[in-house]
Amino acid sequence: MSRVFNFSAGPAALPAEVLEQLRSEMLDWHGQGMSVMEMSHRGKAFVGIAQQAESDLRELLAIPANYKVLFLQGGATAQFAAIPYNLTKADSVADYVNTGAWSKKAIGEAKRYCKANVAADAAEGNYSSIPARATWKLTPGAAYVHYTPNETIGGVEFHSIPDVGDVPLVADMSSTILSRPIDVGRFGVIYAGAQKNIGPAGLVVVIVREDLLGRARPDTPTVFDWKAMAADGSMLNTPATYSWYVAGVVFQWLKRQGGLAAMEKLNRAKAEKLYSAIDGSGFYRNPVQRECRSWMNVPFVLPNADLDKPFLEGAKAAGLVSLEGHRSVGGMRASIYNAMPMAGVDALVEYMKEFQRRHG
Ligand SMILES: *Cc1c(COP(=O)(O)O)cnc(C)c1O
């Protein structure tokens with residue numbers, strides 16, 4: 001058996017320890033004589049697993065008591081529609097900040113349901129920076145302000161939470177949740193697809209402030225209705241039981257690592273090491289403004305695109321995989337989520353130096 005260092009943006013690497021636990025519990029979970037996949041979601045065993053996962057997530061993120069935590073299906077993309085369904089009427093205005101590909105998708109979907117106003121747009125700078133808060137043209141009385149704290153494709157990240165006053169702040173944290181502590185109380189809604197920093201694809205975690213429940217349109221599909229889902233503990237229909245369980249095993253692993261303060265320290269160090277190797281090389285280049293570089297997704301280009309293929313082939317031979325940039329931008333991208341150990345970043349930096357020696 002040999003494991004590679006997997007730099008995929010998502011579905012992304014999981015900690016080996018987590019996978020080993022899943023394997024050891026696969027056939028017989030805690031003496032139940034069956035896999036978690038085979039259990040009734042209404043049974044005592046699974047309800048316990050689900051509750052433990054929620055309470056561990058609450059502890060990790062210090063989620064205040066007036067927030068509901070939902071474990072839903074359909075990924076973050078389903079929430080692109082669920083958010084306007086739950087928070088707007090057809091004539092409501094919702095403000096969106098466009099910092100890249102995922103913001104754009106969220107805006108495109110919202111436009112189908114309400115008036116989605118682009119309050120700030122990083123398009124002019126080719127999405128290499130974040131528009132200063134003072135330049136945002138927010139709508140008085142907007143239903144909410146939506147932004148994408150980390151743009152997974154562009155590698156652009158907010159390193160502080162924007163102040164939007166009393167308007168509910170809605171954040172797509174798919175690729176940054178659990179990378180560091182955050183002040184959940186500053187948000188109306190946080191949502192995150194699981195396949196970056198939580199667990200298997202398909203699951204989406206929604207953290208919603210209670211006073212925002214009960215505003216859904218009458219025609220909201222029931223599985224999208226946060227209030228209905230909250231009332232049934234996310235079990236209004238059969239939830240993604242195995243994915244929920246895996247998420248819980250990841251939360252336990254995070255607690256053993258020392259929680260999010262420890263992850264922050266490690267993630268900062270990993271990102272600093274990789275960016276300084278890029279910046280100091282005179283060969284590799286990252287296009288993002290320093291103050292908003294992502295800790296999780298690090299895109300970089302080589303001096304000429306003809307080198308991409310040999311770079312990727314050599315990387316693969318060295319056990320470093322999924323480094324190709326998103327098909328829309330090209331170049332390289334190293335995703336270094338929580339599950340990527342420092343040893344993986346060290347191996348990548350070493351390989352980059354070696355490649356530069358041969359091709360620079
Ligand atoms: C991956 C990702 C999504 C999409 O998630 P799906 O599970 O495919 O719906 C949305 N937003 C961001 C920021 C992402 O990184």
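Is aspartate 279 buried, partly exposed or exposed? Hold on to that one for a few minutes, and I'll come back to it. Hi everyone, and thanks for coming. What we have on screen is a predicted model, so please keep that in mind as we walk through it.

Let's start with the sheet. Seven strands make up an open sheet with mixed pairing, and the order is E2-E10-E9-E8-E5-E3-E4. At the edges sit strand E2, residues 67-73, and strand E4, residues 115-121, each of which pairs on one side only. From one strand to the next, the twist averages 20°.

Now a closer look at some of the pairings. As a reminder, strands of a sheet pair through backbone hydrogen bonds, either parallel or antiparallel. Strand E3, residues 93-98, pairs with E4 in the parallel sense, over six bridges. Within that pairing, alanine 94 stands opposite alanine 116 of E4.

Moving along to E8: strand E5, residues 145-147, runs parallel to E8 and is joined to it by three bridges. Here valine 145 has leucine 169 in E8 as its bridge partner. E8 is also joined to E9 by three bridges, and those two run parallel as well. There, aspartate 172 has tyrosine 191 in E9 as its bridge partner.

So what covers the two faces of E8, and which residues are buried there? In a regular strand the side chains alternate between the two faces of the sheet. For E8, Leu169 and Ala171 are on one side, Val170 and Asp172 are on the other, and all of them are buried, with both faces covered.

Next, the helices against the sheet. Helix H3, residues 75-87, lies across E2, E3, E5, E8, E9 and E10, and it runs at about 155° to E9. H2 packs on the sheet too, touching E2 and strand E10, residues 203-209, and the direction of H2 makes about 125° with that of E2.

While we're at H2, let's turn to charges. The structure holds 16 salt bridges, and I've picked out a few. Side chains of opposite charge can pair when their charged atoms come close. In helix H2, residues 44-61, glutamate 54 and arginine 58 are four residues apart, about one turn of the helix. Their side chains meet in a salt bridge, 2.9 Å from N to O. Glutamate 54 counts as partly exposed because its relative accessibility is 24%.

The second pair is arginine 180 with glutamate 157, whose side chains meet in a salt bridge at 2.8 Å, N to O. This one links distant parts of the chain: arginine 180 is in the loop between strands E8 and E9, glutamate 157 is in strand E7, and they are 23 residues apart. Both partners are buried.

Third, arginine 293 forms a salt bridge with aspartate 279, with the closest N and O atoms 2.9 Å apart. Arginine 293 counts as buried because its relative accessibility is 8%. And here is the reply to my opening question: aspartate 279 is partly exposed, because its relative accessible area is 33%. Beyond the pairs, there is also a network, in which salt bridges that share partners join Asp56, Glu59 and Lys255.

From charges to nonpolar surface. Met26, Leu27 and Met37 make a nonpolar surface patch of about 320 Å². Of these, methionine 26 lies in the loop between helix H1 and H2, and at 30% relative accessibility methionine 26 counts as partly exposed.

Last stop: a few backbone details. Glycine 10 and proline 11 are joined by a cis peptide bond, with omega at about -10°. You'll find proline 11 in the loop between strand E1 and H1.

Then there are two serines. Serine 234 has phi near 60°, a positive value in a residue other than glycine, and it sits in the loop between helices H5 and H6. With a relative accessible area of 2%, serine 234 is buried. Serine 322 has phi near 60° too, in the loop between strands E12 and E13. With a relative accessible area of 31%, serine 322 is partly exposed.

Technical notes
Residues numbered from 1 in each chain as written. Predicted model: local features only at pLDDT ≥ 70, side-chain atom pairs only at ≥ 80, totals over all residues. Heavy atoms only, no water. Salt bridge = Lys/Arg side-chain N within 4 Å of Asp/Glu carboxyl O. Buried < 20%, exposed > 50% of the residue type's maximum accessible area, 1.4 Å probe, protein only. Pairing = 2+ DSSP bridges. Patch = residues over 30% accessible without salt bridge, like charges linked within 9 Å, V, L, I, M, F, W, Y side chains within 5 Å. Areas by Shrake-Rupley, 256 points an atom, 1.4 Å probe, with all protein chains shown as cover. Axes fitted to C-alpha atoms, helices over the stretch in contact; angles between N-to-C directions. Contact = heavy atoms within 4.5 Å.
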